[in-house]
Amino acid sequence: MKNSVTSEVKSIVKELGLTWNFAYSDNRAENSVGVKLVGTYLTDDQKQVVKQKMIERGFQFRYIRENDNGWMGHCNGTRFCFQNKI
């Protein structure tokens with residue numbers, strides 16, 4: 001276990017057998033990290049698996065959303081946000 005939000009989200013999504021074009025992360029408020037998986041949209045069930053596994057690994061859930069920006073279509077995909085372990 002690598003213990004970073006980005007590496008853990010990517011690892012769990014790989015376990016689900018999914019791929020993405022590229023992933024990027026950015027720092028958010030309250031020691032949180034947002035991770036966007038560009039080029040893939042997870043189902044509601046898949047999102048819940050990621051959420052639950054991240055919580056089990058000690059990360060605090062913030063949100064999950066879909067980015068679907070028409071003007072930046074090359075960056076669309078599922079975004080997760082979790083608080084870093086303290």
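Start by selecting helix H1: its buried residues pack against strand E1 (22–28), E2, H2 and E4. Keep in mind as you click around that this is a predicted model.

**Stop one: H1.** Helix H1 covers residues 5–15. Which of its residues are buried? Colour Val5, Thr6, Ser7, Glu8, Val9, Ile12 and Val13, and you have them. Now move along to Gly17, which follows H1. The phi of Gly17 is positive, near 80 degrees.

**Stop two: E4.** Next, select strand E4, residues 77–83. How many of its seven residues are buried? Seven of the seven are, so E4 is largely enclosed by the rest of the structure.

**Stop three: the partners of E4.** Show strand E2, residues 32–38, together with E4. These two pair in the antiparallel sense over seven bridges.

Then bring in strand E3, residues 60–67. E3 and E4 run antiparallel too, and seven bridges join them. Here, click on Ile64 and look across to Phe80 in E4, which stands opposite.

**Stop four: Lys47.** Finally, go to helix H2, residues 44–56, and find Lys47 in it. Is Lys47 buried or exposed? Residues under 20% relative accessible area count as buried, and Lys47 has 13% relative accessibility, so Lys47 is buried. What is Lys47 in contact with, leaving aside its neighbours within four places in sequence? Select Leu42, Ile64, Glu66 and Phe80 to see those contacts.

Note on methods. Residues are numbered from 1 along each chain as its sequence is written. This is a predicted model: local features need pLDDT of at least 70, side-chain atom pairs count only at pLDDT 80 or more; totals for chains, interfaces and linings use all residues. Side-chain values use heavy atoms; hydrogens and water are left out. Helices (H or I, at least four residues) and strands (E, at least two) are DSSP runs, numbered from the N terminus. Buried means under 20% relative accessible area, exposed over 50%, partly exposed in between (1.4 Å probe, protein chains only). Contact means heavy atoms within 4.5 Å. Two strands pair if DSSP finds at least two bridges between them.
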